[in-house]
Every structure is written in structure tokens, then in C-alpha cells.
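Subject: Structure for you to look over

Hello,

Here is the structure that I said I would pass on. My notes on it follow below.

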Amino acid sequence: MRADFDALAAIGATPDGGVDRPSLSEAHLAARAWFLERVAAARLERRVDGAGNHSAVLPADGPTLLLGSHFDSVPNGGRFDGALGVIAALHVLLAVQASGRALPVALEAIDFTDEEGTLVGLLGSEALAGTLTPEALLAPRGGREALLAGLERAGMREEQLWTARRQPRSLAGYVELHIEQGPVLERAGVQIGVVTAIVGARSFSLVFRGEAGHAGTTPMTARKDAGLAAAAFIGAVEEIVVRDFPGCVATVGDVQFEPGAYNVIPRTARVALEFRSTDSHTLDGLEVALLERAGDEASRRGLGLDVTPVGRWEPTPLDPGVCDAVEEAAAELGLTSLRLHSGAGHDAQALAGVTPAGMIFVPSRGGLSHDPGELTAWDDCVNGANVLLGTALALAGRR
Ligand SMILES: [Zn+2]
């Protein structure tokens, strides 16, 4: 497994120890070509579907238990995010194959297309689950041109994406091993995370509308300063979340003032707001509290406020039966585990709608991810792969 992990990490490697493999880039396609060769050499079946998802299959007479993650990375990302889950899945298949044991389910190690959203986000997993929408393809995150260019590079056709859809009854479940990408496991000194849910997120573009004016001649009491309203709001976001919504996170990730000069009072302030929770009622409450506060800060200064929703992802609970199987597999291996939710999005949230889905986390050094310095101790990677194997056998045995 280490040899395969390192071989993959060399594809699109960056000088500082990370990888640069955005979805359907040359490096990503090279990683997929490497994977298909590796799968053929292992005498497993290869499968590439209409959404470009690449799989190794250990066939059996029964539904398919999917194990996987993604080979694509964020620009200048780390070696572990996504890659670990696919390589470990491949090695679960190899271990079962080597044991000669016949399972009542087919095992499929799958690399989903465009998990990271350089193009669309969860493109391959949503296509497989049947939740991909034409709208998502017309106005994708990365822009329509980038999507079309990526599809062409990969030899894919847009109208073929829909053929990746699988019937739920053809699936026995989905399990994904992934690095935590946060500090919870490391801080707790625990080896395995049992992921109970994936957070939902909402994002809004807020524009405070005031009046520009001369920064020297306009008295402080005669201003409609959009920048000050934005600043007060940003401070309030932290206060509201910490005080009233424990367990949630909220972020103002960008602010732009216009006209934007030393000597002009800001006429408008554009604020990028995002917040996350595992519970949709909590998200509702947080949305009301944050938007009300934005309105208060605007009216206090006689400003206008435009609110535009720009993203909405529902929280996804993962399957309790799969959670139990992960927890038991960890315990059988003598590994410590704790239950936690994922603050980041994953392919499992697309799969959870059509088949029992679960996730296994392993610790991220310093909680660091989406960075070349991303690191998980190799022992932890192996622990995660063994828990994935144990979980797959347990789920297969339940059928
Ligand atoms: Zn990932």
C-alpha cells in the first residue's frame, strides 16, 4: 500500500511535498491512467463510467459495496486528501482477493470525478447517485468553459454523464476512508474517527449600501459608511456563533469595499458569509440570527442591505449501521475511536441518499489540509485501511 501511495503522490507532485491534481487536469488524468494499469496488473476488473469515475472491481454474485474517495486535489493541495481513500480501497480488494474468500457482494474501489469542485463539485458521485442536475453543469463553480475543457481533455461527453447513474438496489453500501482535515482526533489522542454526519452549509453574498464621500471633509456624524457596517457585522458573526450556536461555524471569507481608496468613504461593502451545521433546524436559526444582525447594522447607519443566497447544502446524516460497523472494526483491531461529524464535504454525502453510507477518519497532523504540508502518520493510514477492510467484511457478512 505504501508503494502505491507513493507512486500516486509522485503524479502531479509539487516541490514542497504536495500535489497539484485539479480534476481532469493532465496530472489527474495521469493518476487515473496509473490506476487503471495498477488495477490490470492486479487482475482486478476495470470500470470507467460515463462520469469518468474510475474503478477496480472484485466481482461477485451480489450487489456492489463501493469503497472509495477521489484522486483529484485542490490546486496545490496535499498528498493524502482523497488519495488515501482510493488506495486503501484498492488494497482492501487486494487483501480479499489474496485470501481467496468469496463474498456475497462485489467490492468496487472507486475514484470519483471532481470531488473538490475545481469544476462542479461531487460531479462523479452525484452522477452515480442520480442527483446531478443540468443546472449544476450550466453554471458550475469553476465556470462553464473550464468544465467543457476538462471533459474534452478527458475524452468525456457531457450527455454521457447521466449514464453513470446506478440503481440503489445494485448497491450494498458505500464506505470512505479519509483524513480528518481538522484537529479533533489528534487533540483527543484517538486513532479512528467514526463519522456520524456531514455538515450542511449555506452561503450568502451581503452588500451594505451607503454613500461615498470625501474622507477629509465629511464629519464622522454625517457618514453612511458601508465599511463600518460590514466591520461591525463581521465581529458580530463570531459573537453570535460562539454564544448562541455551539458546534456551528461561520466565516466571513471575503470583503470588498467600493470605490476602495484611502480618501473615500466606502459606498458599498460586499461580504462573503458562509456557515455550517449538522442540523438543518440549527442552520435555519443561525441564518435568521445572522441576517437579522446584518439588517440591524445596516439600519443603525441608515444603509441599504442586499442579501443574495449563493449556496445551500443540506446536512447529511450517515448510516447508523455503517457507523456501528466502523466502530466495531476499530475495536476488534484494538484501536481507539470516537464519533464526530465532518465539517468538510465529501462524496459520501452524495452516496448517502441512495445507499447506506459511512466514513472513517484518521488524524491529520496539526489539523492541516488543502495544503502541501498535509500529513497523516503512515501508521494511522494503515490503521484506517484495516478498519476499512474490517468494515467491508462486516457489511458483506450482514447480507
Ligand atoms: Zn477529500
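**Backbone points**

Leu122 is found in the loop between S4 and H4; helices (H or I, at least four residues) and strands (E, at least two) are DSSP runs, numbered from the N terminus. This is a predicted model, so local features need pLDDT of at least 70 and side-chain atom pairs count only at pLDDT 80 or more, while totals for chains, interfaces and linings use all residues. Residues are numbered from 1 along each chain as its sequence is written, and side-chain values use heavy atoms, with hydrogens and water left out.

Phi of Leu122 is near 55°, a positive value in a residue other than glycine. Leu122 is buried, at a relative accessible area of 10%; buried means under 20% relative accessible area, exposed over 50%, and partly exposed in between (1.4 Å probe, protein chains only).

Asp114 is found in the loop between strand S4 (106–111) and helix H4 (123–129). Its phi is near 55°, again positive in a residue other than glycine. With 0% relative accessibility, Asp114 counts as buried.

Glu258 and Pro259 are joined by a cis peptide bond, with omega about 0°. Pro259 is found in the loop between strand S8 (249–258) and strand S9 (268–277). For context, most residues other than glycine have a negative phi, and most peptide bonds are trans.

**Zinc site**

Which residues coordinate the zinc ion? They are His70 through NE2, Asp81 through OD and His178 through NE2, at 2.0 to 2.1 Å. Donors are N, O and S atoms within 2.8 Å of the metal (3.2 Å for Na, K and Ca); water is not among the atoms, so sites may look incomplete. Along the chain, the donors of the zinc ion follow the spacing H-x10-D-x96-H. His70 and Asp81 are 11 residues apart, in the loop between strand S3 (64–69) and helix H3 (83–99). Both His70 and Asp81 are buried.

Gly85 is found in helix H3 and is buried, with a relative accessible area of 1%. Leaving out residues up to four places away in sequence, Gly85 touches Gly68, Ser69 and Leu177; contact means heavy atoms within 4.5 Å. The C-alpha atoms of Gly85 and Leu67 are separated by 7.9 Å, and these residues are 18 apart along the chain.

Helix H1 (residues 2–9) also meets H3: their axes come within 10 Å and cross at roughly 140°. Axes are lines fitted to C-alpha atoms, for helices over the stretch in contact, and angles run from 0 to 180 degrees between N-to-C directions. The crossing of H1 and H3 is right-handed; a crossing is left-handed if the near helix is turned anticlockwise from the far one by less than a right angle, and right-handed if clockwise. H1 contributes Asp4, Phe5 and Leu8 to the contact, and H3 contributes Ala83, Leu84, Ile87, Leu90 and His91. By class, this contact has six nonpolar, one polar and one charged residues. Ala, Val, Leu, Ile, Met, Phe, Trp, Tyr, Cys and Pro count as nonpolar, Asp, Glu, Lys and Arg as charged, and the others, Gly among them, as polar.

**Helices H8 and H9**

Helix H8 (residues 226–244) packs against helix H9 (residues 280–300) at an angle of about 150°, with the axes 9 Å apart. That angle makes H8 roughly antiparallel to H9; angles under 35 degrees count as roughly parallel, over 145 as roughly antiparallel, 65 to 115 as roughly perpendicular and the rest as oblique. H8 passes H9 in a right-handed crossing. On the H8 side, the contact includes Ala229, Phe233 and Ile240, and on the H9 side Leu286, Leu290 and Arg293 are among the residues. The residues of this contact divide into 11 nonpolar, no polar and three charged.

Ala236 is in helix H8 and is buried, with a relative accessible area of 1%. Ala236 and Arg293 are 57 residues apart in sequence, and their C-alpha atoms are 7.6 Å apart in space.

**Two further residues**

Glu152 lies in helix H6 (residues 144–154) and is exposed, with a relative accessible area of 65%.

Regards
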